[in-house]
Amino acid sequence: MSPRRNRPKGRENPTESPSGVAGERFGVQSTESWQGEEWSLRHVAGASAAGKRYRCPGCDQEIPSGVPHLVAWSEYGGVDDRRHWHKACWNARDRRTTKVQRSRNAPRY
């Protein structure tokens with residue numbers, strides 16, 4: 001019995017995805033206009049979100065590891081301006097107030 005092959009055959013570039021489009025593994029990217037600015041959005045699947053926790057700026061709650069969400073950043077901003085949002089919070093961003101309302105037992109960090 002021969003050993004199992006762990007490398008896929010036929011691809012020249014190891015960073016290229018199986019469909020032939022490099023960078024597709026990072027999720028679907030789109031652009032939206034909000035408050036007079038262009039925002040880039042990237043949808044992150046639950047399997048791709050493993051290992052880290054983020055805090056959603058819309059609800060100020062933690063996004064646990066493995067939960068699907070989206071990453072938004074201004075077209076004119078840099079890497080440090082990316083924010084991880086719950087999808088529902090991003091869709092409701094115009095209905096949110098500027099001051100976050102926390103429950104009595106919510107953490108203050």
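Which side chain does the side chain of Arg93 join in a polar contact of 3.0 Å? The partner is Glu32. A polar contact here is a pair of N or O atoms within 3.5 Å; within protein, one must be able to donate a hydrogen and the other to accept it, and residues adjacent in sequence count only if both atoms are side-chain atoms.

## Before we start

This is a predicted model, in which local features need pLDDT of at least 70 and side-chain atom pairs count only at pLDDT 80 or more, while totals for chains, interfaces and linings use all residues. Residues are numbered from 1 along each chain as its sequence is written, and side-chain values use heavy atoms, with hydrogens and water left out.

## The chain at a glance

The chain holds one helix and six strands. Read from the N terminus, the order of the elements is β-β-β-β-β-β-α. Helices (H or I, at least four residues) and strands (E, at least two) are DSSP runs, numbered from the N terminus.

Of the 109 residues, 25% count as buried. Buried means under 20% relative accessible area, exposed means over 50%, and partly exposed is in between (1.4 Å probe, protein chains only). Among contacts between residues at least 6 apart in sequence, 44% join residues at least 24 apart; a contact means heavy atoms within 4.5 Å.

Four strands make an open sheet in the order 1-2-5-6, with antiparallel pairing. Strand 1 (29-34) and strand 6 (83-85) are at the edges with a single partner strand each, so one side of each has no neighbour in the sheet. From one strand to the next, the twist averages 35° (axes are lines fitted to C-alpha atoms, for helices over the stretch in contact, and angles run from 0 to 180 degrees between N-to-C directions). In general, strands of a sheet pair through backbone hydrogen bonds, either parallel or antiparallel. Two strands count as paired if DSSP finds at least two bridges between them.

Let's walk across the sheet. Strand 1 and strand 2 (residues 37-44) pair over six bridges, with Ser33 opposite Glu38 and Trp34 opposite Glu37. Their hairpin has two residues between the strands, and Gln35 takes a positive phi near 55° there. Strand 2 and strand 5 also pair over six bridges, and Ser40 stands opposite Trp73 of strand 5. Strand 5 (residues 69-74) then pairs with strand 6 over three bridges, where Leu70 has Trp85 as its bridge partner.

Trp85 lies in strand 6 and counts as buried because its relative accessible area is 9%. Leaving out residues up to four places away in sequence, Trp85 touches several others, including Cys56, Pro57, Ile63, His69 and Trp90. Trp85 and Leu41 are 44 residues apart in sequence, and their C-alpha atoms are 9.9 Å apart in space.

The model has two aromatic pairs. Rings of Phe, Tyr and Trp (its six-membered ring) pair if their centres lie within 6.5 Å; planes under 30 degrees apart count as stacked, over 60 as edge-to-face and the rest as tilted. Trp85 and Trp90 are an edge-to-face pair, at 5.2 Å centre to centre with 80° between the planes, and both residues are buried. Together with Trp39, they form one aromatic cluster.

## Back to Arg93

Where does Arg93 sit in the chain? Arg93 is in the segment after helix 1 (87-91). With a relative accessibility of 13%, Arg93 counts as buried.

Arg93 lies over the face of Trp90, 3.9 Å from the ring centre. A charge sits over a ring if NZ of Lys or CZ of Arg is within 6 Å of the ring centre and within 35 degrees of the ring normal. The side chain of Arg93 also reaches the backbone oxygen of Trp90 at 2.5 Å. Apart from neighbours within four places in sequence, Arg93 is in contact with Glu32, Trp34 and Trp85.

## A loop residue to look up

Asp60 is in the loop between strand 3 (54-55) and strand 4 (62-63). Asp60 is not a glycine, yet has a positive phi, near 60°. Is Asp60 buried or exposed? Asp60 is buried, because its relative accessible area is 15%.
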